[in-house]
Amino acid sequence: MIRQSWWKILAVVLLVYTFTAGMLVPLKPGIADVSPRALQAGTDVEMTITGYNSYYTKAKSDLRAWLKLKGDVVLKATSIEVVDDRTLKLVFKLPAYLPSDSKDDVCSLILDSPVDGAIVLPEGIALTQDSVNLAEGSKLWSVDKMDQLNAGPELTFPYRSVLYETIRNQYFHVPLWFAMLFLFIFSVGFSIRYLRKFDPDADQRALALTRAGFIFGLLGLVTGAIWAKFAWGAYWSWDVKQNMTAVALLIYAAYFILRGAFQDEEKKARLAAVYNIFAFAALIPLIFVIPRLTDSLHPGNGGNPAFGSDDLDNTMRMVFYPAGIGWTLLGFWIAAVSYRIDKLQNKLLDA
Amino acid sequence: MNLFSQIGILLRKELVLELRTGYAISGILLYVLSTVFIVYSAFFQGVNNAMMWVTLFWIIMLFASINAIVKSFVQENGNRQLYYYSLLDPLAVIISKMVYNISLLFLLSLLTWAALAFMVGNQIEEFSAFLLALFLGSVGFSILFTFVAAISSKADNNSTLLAILSFPLVIPILMTLIKLSVGATGMLEDTGVGKDIGILVAIDLVLAGLTLVLYPFLWRD
Amino acid sequence: MIRNRISLVCVLTLLVQQMAFAQQASGDFMRSIGRIYVVVAVILIIFFGIVLFLIYLDRKLTKLENQIKENE
């Protein structure tokens with residue numbers, strides 16, 4: 001029934017893995033909110049912390065927290081009250097002076113728990129002092145030391161304050177692009193083969209691959225728009241990558257219109273193959289060159305971090321790469337089915 | 001007859017045809033002037049912003065070049081195509097068309113610049129950079145439109161098809177050109193000029209190479 | 001066929017209205033539980049995209065079947 005089906009089975013297995021691991025692995029515990037965010041030197045502050053995915057009641061007395069300034073200067077929280085799993089109340093006794101030569105400074109908050117691991121809220125809290133005294137400040141702040149931070153739970157996805165759970169879209173939105181690109185590359189391969197051998201079969205394959213690639217591109221654009229709405233604030237943010245992908249889809253939409261403009265099968269196949277190769281060459285600057293030179297909200301562009309240590313840690317890689325392969329294979333499956341139907345149709349028309 | 005003499009003969013033919021009728025140049029010139037006029041009267045307060053000037057310039061150029069290049073394949077009817085086919089190398093045909101269109105578009109862009117400077121005022125400060133942008137733009141536009149016009153001429157010179165096929169393809173070139181030209185107005189202290197020129201040259205080269213490789217497949221009927 | 005298409009359009013319109021209503025009713029629905037519903041929406045879109053393609057293939061096959069019947 002399913003011809004040479006091993007890769008289709010592989011696609012299903014990889015996608016099942018993607019969906020289970022991608023949806024079930026929890027996010028790393030994080031700090032969702034801190035209040036107040038502006039502290040005055042020389043006062044006692046009670047700070048309320050709202051955690052995300054945290055288990056404060058399990059850790060209880062083993063919890064520790066510090067405010068951290070530049071140069072590893074820390075101030076330990078004097079008392080920590082666990083309200084519930086998601087809420088903590090910390091008390092900091094701030095010294096009269098800051099170890100800083102200006103009136104304002106920013107510090108980060110570090111929370112350590114044997115259950116959730118060490119969590120850093122980077123540069124989220126503002127400090128102010130009325131007068132500057134660097135020497136006294138340095139002395140006052142050098143009392144506490146930060147030691148032996150706990151490692152968090154092993155199998156987690158990174159916690160990002162804007163993304164939260166949507167970081168899982170990495171396995172559903174991003175691989176669509178990989179699949180689209182592979183489908184287009186193979187389609188160009190078949191177009192080249194058509195022009196060398198004038199084999200109508202190659203043209204049919206190129207058409208089916210382009211169709212599948214176009215569907216994946218369209219889905220990538222729509223899912224990207226949804227994700228953008230809740231990460232960047234608008235469905236269409238006029239981001240370079242969004243624009244370029246829309247243009248790429250227009251180019252390929254023109255491919256289908258071009259095919260529709262000819263009656264003669266041979267002419268249609270020949271011109272479509274020529275245009276497909278030309279369009280793919282035009283696609284390369286659109287997808288690879290221009291977005292990298294212009295500011296973009298996407299990672300990996302215009303100064304944003306690439307799929308580096310931060311956005312794609314090892315746990316995510318364990319899901320992301322199989323997801324990419326799985327979605328790509330699914331794309332080829334879709335293309336194969338559509339090709340076989342086209343072939344049947346042509347056979348019937350000829351008969 | 002080798003390739004170069006064929007190209008030379010075809011170029012002379014285009015030039016003679018053009019000089020005899022004056023159709024393309026005068027038509028395009030009229031088109032540019034009336035577009036500038038309409039657009040200028042639409043912006044009541046005038047075009048005082050460099051970004052607006054540059055965008056206006058390239059949009060006029062875009063439509064003017066499409067009009068100019070469509071003509072290059074419209075005037076070739078089926079019989080003449082057949083005649084070329086029996087006599088000439090396809091490379092000679094496409095190269096001569098590309099060279100002719102590049103010079104036509106470059107001339108046209110200079111005229112558009114002059115017309116805009118006359119009617120709206122000149123916003124360009126770095127002349128050499130803008131001239132380079134004009135040249136690279138003419139090369140990119142003419143290669144792309146010549147190729148797409150060759151495709152759409154196979155579909156009975158379907159001009160809708162020409163627009164559908166060429167507009168998405170031209171967007172990356174157009175965007176880079178606008179960026180480069182805005183740099184030439186002296187409005188931006190942009191260091192990326194070299195990169196933009198690099199992109200344009202790369203796009204132009206790739207398109208030219210592909211046109212040369214692929215045109216022989218378009219040509220046979 | 002046309003009736004099918006009309007009913008499909010009706011269902012889609014209803015769905016969109018429902019979604020708009022849901023958004024009005026609880027504006028922060030999509031942002032609740034760590035924005036997990038954004039992921040759900042993305043997966044649903046991919047699912048419906050593939051289903052739509054399936055419908056397209058199905059219609060193509062129906063035509064082929066009818067043609068085979070005619071030929072016989």
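The model is predicted, so local features are taken only at pLDDT of at least 70 and side-chain atom pairs only at pLDDT 80 or more, while totals for chains, interfaces and linings use all residues. Residues are numbered from 1 along each chain as its sequence is written, and chains are lettered from A and ligands numbered from 1 in the order in which they are written.

**Domains and strands of chain A**

Chain A falls into domain 1 (6-22 + 163-350) and domain 2 (30-140), with bounds that come from an automatic or database domain assignment. Between domain 1 of chain A and domain 2 of chain A, the C-alpha centres are 46 Å apart.

Helices and strands are named here as DSSP runs numbered from the N terminus, a helix being H or I over at least four residues and a strand being E over at least two. Two strands are said to pair if DSSP finds at least two bridges between them. In general, strands of a sheet pair through backbone hydrogen bonds, either parallel or antiparallel.

| Strands | Bridges | Facing residues |
|---|---|---|
| β4(A) (residues 64-69) and β5(A) | four bridges | K68(A) opposite V74(A) |
| β4(A) and β8(A) (residues 104-113) | five bridges | W66(A) opposite I110(A) |
| β8(A) and β9(A) (residues 117-128) | nine bridges | L109(A) with L121(A) |

Two of these pairings are hairpins: β4(A) and β5(A) have three residues between them, and G71(A) in that turn has a positive phi of about 75°, while β8(A) is joined to β9(A) through three residues. A residue counts as buried if 20 or more other C-beta atoms lie within 10 Å of its own, as exposed if 12 or fewer do, and as partly exposed in between, with C-beta atoms placed from the backbone.

**Chain B and chain C**

The UniProt annotation "transmembrane region", from an unreviewed entry, covers residues 21-44, 50-70, 82-115, 127-149, 161-182 and 197-218 of chain B; the record's positions are given in the numbering used here, its feature names are shortened, and annotations may be inferred rather than shown by experiment. Over residues 127-149 of chain B the chain is 100% helix and 0% strand, with 31 Å between the end C-alpha atoms, and over residues 161-182 of chain B these values are 100% helix, 0% strand and 31 Å. T21(B) belongs to helix α1 (residues 3-21) of chain B, and T21(B) is exposed because 12 other C-beta atoms lie within 10 Å. From T21(B) to G8(B) the separation is 13 residues in sequence and 20 Å in space, C-alpha to C-alpha.

Chain C has two helices and zero strands, and of its 72 residues 10% are buried. Its division is into domain 1 (1-33) and domain 2 (35-72). Five residues of domain 1 of chain C touch four residues of domain 2 of chain C, contact being counted when C-beta atoms, placed from the backbone, lie within 7 Å.

**Contacts between chains**

The contact between chains A and B takes 23 residues from chain A and 21 residues from chain B. On the side of chain A that touches chain B, α6 (240-260) and α7 (265-293) of chain A each supply at least two residues, and α7(A) gives the largest share, 14 residues. That side of chain A divides into 21 nonpolar, no polar and two charged residues, where Ala, Val, Leu, Ile, Met, Phe, Trp, Tyr, Cys and Pro count as nonpolar, Asp, Glu, Lys and Arg as charged, and the others, Gly among them, as polar.

The contact between chains A and C takes 23 residues from chain A and 20 residues from chain C. Here α5 (200-231) and α8 (314-350) of chain A are the elements that give two or more residues to the side of chain A that touches chain C, and this side divides into 15 nonpolar, six polar and two charged residues.

Notes:
Contact = placed C-beta atoms within 7 Å.
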